[in-house]
Amino acid sequence: MKVSLIPEKCIACGLCQTYSELFDYQDDGIVKFTDSDDLTKDISDSDVDALLAVKNCPTKALTIS
Ligand code: SF4
């Protein structure tokens, strides 16, 4: 699976990192991946924490495909 970030939609609520360490924040609180500045990342199908983060993002700034 692939997770994509849409920073323009992020409201810097901080929720996604409480679900998964995959996510971190820029200095202004906008979401980024912890270990890269890319906007997409391949993840394991069994990464339930990441799936929960995507599902619970209030602004749909995280997508999965
Ligand atoms: S949960 Fe969504 S809106 Fe909140 S910080 Fe993460 S990406 Fe941004």
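Where is L5 found? I started there and placed L5 in strand β1. Strands are DSSP runs of E of at least two residues, helices are runs of H or I of at least four, and both are numbered from the N terminus.

**Ground rules.** I am working with a predicted model, in which local features need pLDDT of at least 70, side-chain atom pairs count only at pLDDT 80 or more, and totals for chains, interfaces and linings use all residues. Residues are numbered from 1 along each chain as its sequence is written, and side-chain values use heavy atoms, with hydrogens and water left out.

**Entry: L5.** Buried means under 20% relative accessible area, exposed means over 50%, and partly exposed lies in between (1.4 Å probe, protein chains only). I then looked at A61. L5 and A61 are 56 residues apart in sequence, and their C-alpha atoms are 5.9 Å apart in space.

**Entry: the core.** Which residues have the most contacts inside the largest nonpolar core? I noted C16, F23, V31 and L62, in a core of 17 residues. Two or more residues come from each of β1 (2-5), β2 (23-25), β3 (31-33) and α2. The largest share is from α2, with 3 residues. Such a core is a set of buried Ala, Val, Leu, Ile, Met, Phe, Trp, Tyr and Cys residues joined through side-chain atoms within 4.5 Å.

**Entry: the cavity.** Rolling a probe the size of a water molecule over the atoms shows where empty space is left. The structure holds 1 cavity of 30 Å³ or more. A cavity is a set of points, on a 1 Å grid over the protein atoms alone, where a 1.4 Å probe fits but cannot get out; its lining residues have an atom within 4 Å of a point. About 100 Å³ of space lies in the largest cavity. Grid points are joined across faces, edges and corners, and the volume is the space filled by probe spheres set on the points.

I listed the lining. It has 16 residues, with C10, C13, C16, C57 and P58 nearest the centre of the largest cavity. At least two lining residues come from each of α1 (15-19) and α2 (48-56). Ala, Val, Leu, Ile, Met, Phe, Trp, Tyr, Cys and Pro count as nonpolar, Asp, Glu, Lys and Arg as charged, and the others, Gly among them, as polar.

**Entry: the ligand.** What space does the ligand take? The ligand takes the largest cavity. A molecule sits in a cavity if more than half of its atoms lie within 2 Å of its grid points. I found 13 residues around the ligand, the closest being C10, C13, G14, C16 and C57. A residue is near a molecule if one of its heavy atoms lies within 4 Å of it. The shell around the ligand has 11 nonpolar, 2 polar and no charged residues.

**Entry: the loop between β1 and α1.**

- I11 counts as exposed because its relative accessibility is 55%. I11 and C57 are 46 residues apart in sequence and 9.6 Å apart, C-alpha to C-alpha.
- A12 is in this loop. Its phi is near 60°, a positive value in a residue other than glycine. At a relative accessible area of 33%, A12 is partly exposed.
- C13 also lies in this loop. C13 is partly exposed, at 45% relative accessibility. The C-alpha atoms of C13 and C57, 44 residues apart along the chain, are separated by 8.8 Å.

**Entry: K60 and N56.** I placed K60 in the loop between α2 and β5 (62-64). Phi of K60 is near 60°, a positive value in a residue other than glycine. K60 is exposed, with a relative accessible area of 52%. N56 is found in helix α2. N56 is partly exposed, at 31%. From N56 to F23, 33 residues apart along the chain, the C-alpha separation is 13 Å.

Notes. On a 1 Å grid over the protein atoms alone, a cavity is a set of points where a 1.4 Å probe fits but cannot get out, and a pocket is an open set with protein on both sides within 12 Å along at least five of seven lines; lining residues have an atom within 4 Å of a point.
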